[in-house]
Amino acid sequence: PLATRFTRRRGDLRPNPPKACTMMLSAVASAAHPHRAAAKLGSRAPTRALRNAAVAPRRKVARQLIEATISKDNVFANNPGSLAALSAMGLNNQVPVTPNMMPFDDLASATMPHRERLKVFSGSAHPELSNEIANYLGMDLGDRVIKKFADGEVYVQIKESIRGCDVFLVQPTCPPNVNDNLMELLIMIDACRRASCRSITCVIPYYGYARADRRTSGRESIAAKLAANLLTQAGATRIVMLDIHSLQTIGYFDIPVDHIYGETVILDYLTSKDFSPKDLVVVSPDVGGVPRARAFAKKLCDAPMAIIDKRRTGHNKAEVMNLIGEVEGKVAIMLDDMIDTGGTLVAGAKLLRDQGAKDIYACATHAIFSPPAVERLGSGVFTEVIVTNSIPHTPERDFPQLTVLSVGNLLGETIWRVHNDNPVSFNKL
């Protein structure tokens with residue numbers, strides 16, 4: 001029955017299998033039905049194999065036909081499907097090696113090893129982070145060409161074979177060219193899909209349009225959902241995101257999404273400072289960040305919490321109203337997912353100073369730093385501002401209190417686990 005099923009599916013190998021392939025399939029099928037051997041094989045099989053097909057056991061006939069037909073130039077020598085069928089029949093370790101045959105151990109190595117199916121490609125948005133990920137994985141980035149035409153259109157070409165590979169595309173859709181980075185990612189996905197890769201995972205350290213995740217008034221777009229639809233329709237099969245602004249955005253995707261917590265990198269850094277647990281307090285800059293701050297405080301010596309009550313008066317504008325919690329004489333850790341203009345954090349830090357906080361640390365995963373964030377954050381109101389490199393860091397965004405931590409190892413470990421079908425919950429808060 002296995003030989004019969006395999007014969008029916010021989011069209012999966014190639015549309016018009018060569019003569020050697022046809023002879024091989026017919027011989028294996030005839031081994032299961034010796035009395036039909038003459039009718040099935042005809043003049044295509046070697047004389048000795050035709051004579052033995054009627055009398056020899058199934059394994060002996062198949063072994064002789066394999067020896068007569070498999071060679072380095074034969075289609076079976078490079079087809080893992082045929083090797084799997086022969087292995088299921090118990091023939092893979094019993095075929096004698098002749099001068100014109102390729103040993104089965106070599107045939108197995110001729111197929112693509114599991115590690116070689118992993119391919120990581122970088123977009124043009126953040127090549128430094130992509131190199132850190134590749135270094136962690138102990139591999140080189142995939143070869144590709146990305147350029148812009150004179151009219152601004154993006155051109156992408158994959159310069160190596162990715163057929164049957166698990167492809168990971170590292171591209172944050174971040175400022176200063178959010179739309180260009182998103183479009184470039186979509187074109188990269190399309191190029192990989194047309195190159196017959198097995199899967200396409202988009203590693204998006206910073207997901208642009210994440211804050212447009214709901215309607216706050218009539219006739220507004222939900223751009224986070226739109227971007228999710230674009231990625232899905234382009235051909236992505238999985239998304240890896242780092243500290244998404246709102247967890248409800250994960251539900252906008254119709255494909256699997258792995259959400260990674262960048263705060264774990266910040267947590268390790270703060271733990272190395274050896275703060276006294278009784279001197280710490282974790283501050284959420286708004287009510288929406290309370291779940292994040294609560295989980296972070298539990299990991300950070302089970303520190304107490306404080307909440308800043310604020311009201312937004314417009315886009316990138318917020319007014320601090322009240323402080324809930326005790327911060328006097330303590331080291332305040334302000335935790336948020338991103339820092340844009342820095343207005344909310346600076347206003348909250350001034351309130352904490354007025355309430356008697358000893359030191360104030362601002363922590364965020366995504367350092368957007370839209371003007372005038374650098375001037376505000378570097379004004380001396382913070383003891384230290386701790387961010388990650390999910391967005392490229394440039395010299396003009398630097399100031400004395402800034403500390404930038406790398407998430408390259410975190411994303412590299414995530415990629416390796418996704419590739420090996422292992423859970424990625426290792427870094428949950």
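1. Let's start with R219, which is exposed in this predicted model. Its relative accessible area is 83%, and since exposed means over 50%, R219 therefore falls in that class. You will find R219 in the loop between β5 and α10 (223-234). Its phi is near 60°, a positive value in a residue other than glycine. As background, most residues other than glycine have a negative phi.

2. Is F369 buried or exposed? With 6% relative accessibility, F369 counts as buried, because buried means under 20%. F369 sits in the loop between β12 and α14.

3. Please also look at P372, which is found in the loop between β12 (359-367) and α14 (373-377). The peptide bond leading from P371 to P372 is cis, with omega near 5°. P176 has its place in the loop between β4 and α9. In general, most peptide bonds are trans.

4. P175 and P176 come up again at the second largest pocket, where they are among the residues closest to its centre, together with C174, N177 and N181. In total, 20 residues line this pocket, and about 310 Å³ of space lies in it. Which helix gives the most to the lining? That is helix α9 (residues 178-194), with three residues. By type, the lining of the second largest pocket divides into 10 nonpolar, five polar and five charged residues.

5. Now to the sheet. Five strands form an open sheet with parallel pairing, and their order is β1-β4-β5-β6-β7. The edges are β1 (118-122) and β7 (257-260), each of which pairs on one side only. On average, neighbouring strands of this sheet are turned by 20° against each other, direction ignored. Helix α9 packs on the sheet and touches β1, β4 and β5 (199-204). The direction of α9 makes about 160° with that of β5.

6. Here is how the strands line up around β4. Strand β4 (residues 166-170) runs parallel to β1, and five bridges join the two. In this pairing, V120 stands opposite F168 in β4. β4 and β5 also pair in the parallel sense, over five bridges. There, L169 stands opposite C202 in β5.

7. How many residues of β5 are buried? Six of its six residues are, and the strand is mostly covered. In a regular strand the side chains alternate between the two faces of the sheet. For β5, S199, T201 and V203 lie on one side and I200, C202 and I204 on the other, and these are all buried, with both faces covered.

8. V346 lies in helix α13 (residues 343-354). It has 9% relative accessibility and so counts as buried. Leaving aside neighbours within four places in sequence, V346 is in contact with R376, L377 and F382. The C-alpha atoms of V346 and A362 are separated by 9.3 Å, with the two residues 16 apart along the chain.

9. Finally, the overall picture. The protein chain has 15 helices and 14 strands. Of its 429 residues, 49% are buried. Among contacts between residues at least 6 apart in sequence, 62% join residues at least 24 apart.

Note on methods:
Residues are numbered from 1 along each chain as its sequence is written. This is a predicted model: local features need pLDDT of at least 70, side-chain atom pairs count only at pLDDT 80 or more; totals for chains, interfaces and linings use all residues. Side-chain values use heavy atoms; hydrogens and water are left out. On a 1 Å grid over the protein atoms alone, a cavity is a set of points where a 1.4 Å probe fits but cannot get out, and a pocket is an open set with protein on both sides within 12 Å along at least five of seven lines; lining residues have an atom within 4 Å of a point. Grid points are joined across faces, edges and corners, and a volume is the space filled by probe spheres set on the points. Helices (H or I, at least four residues) and strands (E, at least two) are DSSP runs, numbered from the N terminus. Ala, Val, Leu, Ile, Met, Phe, Trp, Tyr, Cys and Pro count as nonpolar, Asp, Glu, Lys and Arg as charged, and the others, Gly among them, as polar. Two strands pair if DSSP finds at least two bridges between them. Axes are lines fitted to C-alpha atoms, for helices over the stretch in contact, and angles run from 0 to 180 degrees between N-to-C directions. Contact means heavy atoms within 4.5 Å. Buried means under 20% relative accessible area, exposed over 50%, partly exposed in between (1.4 Å probe, protein chains only).
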